[in-house]
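Notebook open, viewer loaded. I wanted to look up the disulfide, the helix beside it in my list, and the core packing.

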Amino acid sequence: MADEIRYEYKTVQAVRGTDGLVISKMQKDGWELVDRAAQGMLRSTLEFRRPKKPQPRLLIGTAAAVLVILAVVIGTGAALEDGGGKKDRSDKSTAVASDKPSAATTPTAAVSAAAEVITPQNDPEFAALLKGDTCDGANLDFATRHAGRTIAFDGSIVNMAPHGDQHTRYDLLLGPGDKGPNTGVGPAFKYEDVNISDLKLTGKKIPDTVGAGDKFRFVAEVGKFNAAQCVFSLDPVSTETR
């Protein structure tokens, strides 16, 4: 029983077509695929496991001792601060207040930055992202730093499926470029739970419906990047035919 292997388990929801990338990423982190099941037309459920790392008792005891020492140090520091730190705190508050930048220019710069639409032409980082790997950590970094900003790029619909049991609402998987279902580079962008009117279709020839392979100029708001599923969520702003 002492040598029995204990496992931790993890379930990951992946967009169909990105399963291989998700499995490869998890395997690099030491996870083993134990089950795969289809869930609707757009998702797969992947089950993973990996051996739990044992925690030495000596390490646990040492950690407890360190916590006790930290508690004593923090308590002593708090007592000293209450005794003689009141004046210092008021002085620091005054200094910080005097160093604040002028409010006349900061809002203008912020509005200007927020109004600019990020495109591959004006942002080299975004241009590189569109040619990168679906699961690359650069996707998470970009989504975190540019959350709520607007991006625009030429792309196509990789996959389209009903959202749940809905007949007029869909989940759309988008990719950069013109290859539709054969897209092999760039983020796996996703519009979730949208109907055709949510896409705000524009252009010379507006279709009644859309489907896999259709090419558009996508303008969208940056959402979250799900690193486990390698899916980059977007909210549609406009969709121009091309």
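**Disulfide**

I found cysteine 135 joined to cysteine 230 by a disulfide, S to S 1.9 Å (the term means a pair of cysteine sulfur atoms within 2.5 Å). The structure holds one disulfide. Cysteine 135 sits in the loop between α5 and α6 and cysteine 230 in the loop between β8 and β9, 95 residues apart. Helices (H or I, at least four residues) and strands (E, at least two) are DSSP runs, numbered from the N terminus. The S-S torsion is about 110°, so I logged the disulfide as right-handed.

Ground rules: this is a predicted model, where local features need pLDDT of at least 70 and side-chain atom pairs pLDDT 80 or more, while totals for chains, interfaces and linings use all residues. Residues are numbered from 1 along each chain, and side-chain values use heavy atoms, without hydrogens and water.

**Helix α6**

Which residues of α6 are buried? I got Asn139, Phe142 and Ala143 (buried means under 20% relative accessible area, with a 1.4 Å probe and protein chains only).

**Core**

The largest nonpolar core has 26 residues, and Phe126, Ile151, Leu172, Phe189, Tyr191 and Phe232 touch the most other members. Such a core is a set of buried Ala, Val, Leu, Ile, Met, Phe, Trp, Tyr and Cys residues joined through side-chain atoms within 4.5 Å. β8 gives the most, five residues.

Definitions and conventions. Buried means under 20% relative accessible area, exposed over 50%, partly exposed in between (1.4 Å probe, protein chains only).
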